[in-house]
Amino acid sequence: MEKINNVSEFIFWGLSQDPEVEEVCFVVFSFFYTIILLGNLLIMMTVCLGRLLKSPMYFFLNYLSFVDICYSSITSPKMIADLLAEKKAISYVGCMLQLFGVHFFGCTEIFILTVMAYDRYVAICKPLHYMTIMDRERCNKMLLGTWVGGFVHSIIQVALVVQLPFCGPNEIDHYFCDVHPVLKLACTDTYTVGVVVTANSGTITLGSFVILLISYTVILVSLRKQSAEGRRKALSTCGSHIAVVIIFFGPCTFMYMRPDTTFSEDKMVAVFYTIITPILNPLIYTLRNAEVKTAMKKLWRRRIFLEANSK
């Protein structure tokens with residue numbers, strides 16, 4: 001069947017159709033997005049300037065913060081601007097690019113969290129071989145694997161959508177382009193595509209989540225052999241990672257581990273993994289991490305010292 005595409009743009013319904021609610025949301029989400037940028041940039045500056053990049057954990061944390069900024073920036077600026085716009089429109093090409101970006105950075109974040117769990121497993125369960133196993137060459141290869149995995153996943157998602165015909169309705173009941181809402185607008189049977197999309201996203205989400213659960217279970221069990229001080233430090237670090245995993249994977253599982261259906265709650269659930277998680281990551285990794293807090297204090301002292309000497 002020849003592809004028919006009479007749709008040149010899509011119209012978002014947004015988070016709300018109430019102007020007063022939209023004004024409140026504009027202020028709130030503008031503040032949230034600012035916190036995302038500043039918080040994650042602060043972590044990246046601390047890791048790079050504080051000479052923490054030599055540690056594999058902070059090497060991956062640096063890129064997790066970078067991915068969080070990119071991931072949130074794919075949807076947040078457009079959503080914030082649309083809150084004050086009468087017509088919340090996005091071009092067909094822009095929609096496909098946004099869909100690619102959401103799945104690319106989202107999937108990359110999932111893989112980085114999985115790699116960070118492996119890093120903690122090696123550090124706690126095989127401490128004597130840690131620097132040998134997690135050398136810089138291996139870290140670079142694992143990081144490259146996260147980017148390649150995210151790219152392959154997102155290319156599959158976009159390829160499944162762009163070959164569909166869109167010939168009628170163009171209103172999306174969401175605030176960004178995601179696979180399930182867009183599939184509803186296609187003027188053909190999307191059952192097979194929906195199954196493949198769910199299998200693709202579901203396998204990555206569930207598979208990574210299971211790996212993470214197994215990794216942290218093994219870590220927690222192995223802590224019984226550690227000293228009291230060792231257990232405290234390990235639990236502090238792993239507790240941060242587990243909190244991020246639960247906050248991120250909970251909403252993702254709800255969204256992508258189900259058949260090709262949409263619910264009215266999807267928009268609010270999406271807020272969690274596109275906005276709330278990127279906000280919480282800097283807070284969780286800094287407030288619960290003594291080494292990061294120490295590095296930040298040193299940077300501030302160095303800055304104050306340099307400013308004092310310059311006067």
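Leu-144, Val-148, Phe-151, Val-152, Ile-155 and Ile-156 make a nonpolar surface patch of about 500 Å². Patches consist of residues with over 30% relative accessible area and no salt bridge, where like charges are joined within 9 Å and nonpolar side chains (Val, Leu, Ile, Met, Phe, Trp, Tyr) within 5 Å. A salt bridge is a side-chain nitrogen of Lys or Arg within 4 Å of a carboxyl oxygen of Asp or Glu. Areas are Shrake-Rupley values with a 1.4 Å probe, and for residues only the protein chains shown count as cover.

The model is predicted: local features need pLDDT of at least 70, side-chain atom pairs count only at pLDDT 80 or more, and totals for chains, interfaces and linings use all residues. Residues are numbered from 1 along each chain as its sequence is written, and side-chain values use heavy atoms, with hydrogens and water left out.

**Exercise 1.** Find the disulfides and state their pattern along the chain.

*Solution.* 
- Step 1: A disulfide is taken as a pair of cysteine sulfur atoms within 2.5 Å; the structure holds 2.
- Step 2: Cys-95 and Cys-177 form one, with sulfur atoms 2.0 Å apart. Cys-95 lies in helix H3 (residues 92-125) and Cys-177 in the loop between S3 and H6, so this pair ties together parts 82 residues apart in sequence.
- Step 3: Both Cys-95 and Cys-177 are buried, and their link is left-handed, with -120° about the S-S bond.
- Step 4: Cys-167 and Cys-187 form a disulfide with sulfur atoms 2.0 Å apart. Cys-167 is partly exposed at 35%, and Cys-187 is partly exposed at 34%.
- Step 5: With bonded cysteines counted along the chain, the pattern is 1-3, 2-4.

**Exercise 2.** Describe the surroundings of Asp-178.

*Solution.* 
- Step 1: Asp-178 lies in the loop between strand S3 (171-172) and helix H6 (179-183).
- Step 2: Its relative accessibility is 2%, so Asp-178 counts as buried.
- Step 3: Leaving aside neighbours within four places in sequence, Asp-178 is in contact (heavy atoms within 4.5 Å) with Leu-99, His-103, Met-255, Tyr-256 and Tyr-273.

How values were computed: Helices (H or I, at least four residues) and strands (E, at least two) are DSSP runs, numbered from the N terminus. Buried means under 20% relative accessible area, exposed over 50%, partly exposed in between (1.4 Å probe, protein chains only).
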